[in-house]
Amino acid sequence: MRSVPTGDAAPPALPLLARAARLRCPHCGLQALSAGRKWALGWDRPVACRACGLTIEISSFRAMLATLPIVVGPLVLAVYAGLARGLPARPAIALLALMALASVLGYLFGVPLQRAGRTDPDAVIRARHDCRQ
């Protein structure tokens, strides 16, 4: 079994946002998909990398952790509002917006892509060659 080439055939650097949003394909090292496509992907739904065509998916456990604020947050606010006999609307809406933002950013920047199949070295070489042209 051949190993994936490194060194001279290393992939080019991704833009800062693509690196931060963990959009790098775990097979070829190139940008696998857009941030919007990653957000719409959901877990346990493998897709093909747009560079090499090999199958990738997101980490299910980390995706669940990232969406926790928007799921648990409203429940905590509801319990607090019930115990405190009400909660002013503006602070509640602001807290919900912050929880939604935390979930979106946590998902985008904290959930990595992972391999969903075996790495084909020939597909990796082709993708890296095509991106240089």
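In what order do the 3 strands of the open sheet line up? They run E1-E2-E3, and the pairing is antiparallel; two strands count as paired if DSSP finds at least two bridges between them.

Before going on, a word on the ground rules. This is a predicted model, with local features needing pLDDT of at least 70, side-chain atom pairs counting only at pLDDT 80 or more, and totals for chains, interfaces and linings using all residues. Residues are numbered from 1 along each chain as its sequence is written, and side-chain values rest on heavy atoms, with hydrogens and water left out.

Stepping back to the whole chain, you'll find 6 helices and 3 strands. Both kinds of element are DSSP runs, numbered from the N terminus: helices are H or I with at least four residues, strands are E with at least two. Read from the N terminus on, the elements go α-α-β-β-α-α-α-β-α. Of the 133 residues, 30% count as buried, where buried means under 20% relative accessible area, exposed means over 50%, and partly exposed lies in between (1.4 Å probe, protein chains only). Take the contacts between residues at least 6 apart in sequence, and 64% of them join residues at least 24 apart; contact here means heavy atoms within 4.5 Å.

E1 pairs with strand E2 (residues 55-58) in the antiparallel sense over 2 bridges. Along that pairing, Val-47 stands opposite Ile-56, and Ala-48 stands opposite Thr-55. The hairpin of E1 and E2 has 6 residues between the strands, and there Gly-53 takes a positive phi near 85°. On to E3: 3 bridges join it to E2, and the two run antiparallel. Ile-56 turns up again here, standing opposite Arg-115 in E3.

Next comes helix H3 (residues 60-66), which holds Ser-60. Is Ser-60 buried or exposed? It counts as buried, because its relative accessibility is 19%. Setting aside neighbours within four places in sequence, Ser-60 is in contact with Trp-43 and Asp-44.

Then there's the helix pair. Two packed helices are described by the angle between their axes and the distance between the axes. For helix H4 (residues 68-83) and H5, the axes come within 8 Å and cross at roughly 160°. That makes H4 roughly antiparallel to H5, since angles over 145 degrees count as roughly antiparallel, under 35 as roughly parallel, 65 to 115 as roughly perpendicular and the rest as oblique. Axes are lines fitted to C-alpha atoms, for helices over the stretch in contact, with angles running from 0 to 180 degrees between N-to-C directions.

Who meets whom? From H4, Pro-69, Ile-70, Gly-73, Pro-74 and Leu-77 meet Ala-92, Leu-95, Leu-96, Met-99, Ala-100, Ala-102 and Ser-103 in H5. By class, this contact has 10 nonpolar, 2 polar and no charged residues; Ala, Val, Leu, Ile, Met, Phe, Trp, Tyr, Cys and Pro count as nonpolar, Asp, Glu, Lys and Arg as charged, and the others, Gly among them, as polar.

Finally, look at Leu-101, which has its place in helix H5 (residues 89-110). Leu-101 counts as partly exposed because its relative accessibility is 46%. Its C-alpha atom is separated by 9.1 Å from that of Pro-69, 32 residues apart along the chain.
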